[in-house]
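Please read the following short report alongside the sequence and the 3D view. It covers a sheet, a group of charged side chains and some backbone angles.

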Amino acid sequence: VPDGSWIAYSYSPQVGGSGFRTVLYRIDADGTHPRPLGNPDEFDVQPHVSADGAKVAFLRLSSSGDGGTIWVRDVATGQETQLKAAGSSIESPKWSPDGRWIL
């Protein structure tokens, strides 16, 4: 987050194989208190925290491997919203500096 208090990242407890997926996590900036930020049953990657630290934009990969979709998760409530992207090559969502847009 911009104030430097915590970091969002994707983590995979298993590398390769049929159970391979990554899950969104957050951890305090000093390396303590890792905890899930996302749904452990999904394949979520490339988290990017909004300027106010309230939301995380990320890419959710499909289980079939045919692409991904952009989602936004409210950090406080856990509510997720799928966004409609312009185009089919979706990768690395980023917030605009004012938090109004996702690139």
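In what order do the 3 strands of the open sheet stand, and is the pairing parallel or antiparallel? In this predicted model, the order is S1-S2-S3 and the pairing is antiparallel. Strand S1 (6-11) and strand S3 (35-36) each have a single partner strand and stand at the edges, so one side of each has no neighbour in the sheet. Strand S2, residues 23-28, pairs with S3 over 2 bridges. Arginine 26 has arginine 35 in S3 as its bridge partner.

The next topic is salt bridges. The count comes to 5, and a network of them links Glu42, Asp44, Arg60, Arg73 and Glu80.

| Pair | Closest N and O atoms |
|---|---|
| Glutamate 42 and arginine 60 | 3.6 Å |
| Aspartate 44 and arginine 60 | 2.7 Å |
| Arginine 60 and glutamate 80 | 2.9 Å |

What parts does each pair tie together? Glutamate 42 forms a salt bridge with arginine 60. Glutamate 42 lies in the loop between S3 and strand S4 (44-49), and arginine 60 in strand S5 (residues 55-61), so this pair joins parts 18 residues apart in sequence. Aspartate 44 also forms a salt bridge with arginine 60. Because aspartate 44 lies in strand S4 and arginine 60 in strand S5, the pair ties together parts that are 16 residues apart in sequence. A salt bridge also forms between arginine 60 and glutamate 80. Here strand S5 holds arginine 60 and strand S7 holds glutamate 80, so the parts tied together are 20 residues apart in sequence.

Is arginine 60 buried or exposed? Arginine 60 has a relative accessible area of 7% and is buried, and aspartate 44 is buried as well. Glutamate 42 is partly exposed at 27%, and glutamate 80 is partly exposed at 23%.

Arginine 73, another member of the network, lies in strand S6 (residues 68-74). Its relative accessible area is 15%, so arginine 73 counts as buried. A polar atom of the arginine 73 side chain lies 2.4 Å from the backbone oxygen of leucine 37. Beyond its neighbours within four places in sequence, arginine 73 is in contact with residues including Leu37, Ala54, Phe58 and Glu80.

Serine 92 lies in the segment after strand S7 (80-83) and is partly exposed, with a relative accessible area of 28%.

Key:
Residues are numbered from 1 along each chain as its sequence is written. This is a predicted model: local features need pLDDT of at least 70, side-chain atom pairs count only at pLDDT 80 or more; totals for chains, interfaces and linings use all residues. Side-chain values use heavy atoms; hydrogens and water are left out. Two strands pair if DSSP finds at least two bridges between them. Helices (H or I, at least four residues) and strands (E, at least two) are DSSP runs, numbered from the N terminus. Buried means under 20% relative accessible area, exposed over 50%, partly exposed in between (1.4 Å probe, protein chains only). A polar contact is a pair of N or O atoms within 3.5 Å; within protein, one must be able to donate a hydrogen and the other to accept it, and residues adjacent in sequence count only if both atoms are side-chain atoms. Contact means heavy atoms within 4.5 Å. A salt bridge is a side-chain nitrogen of Lys or Arg within 4 Å of a carboxyl oxygen of Asp or Glu.
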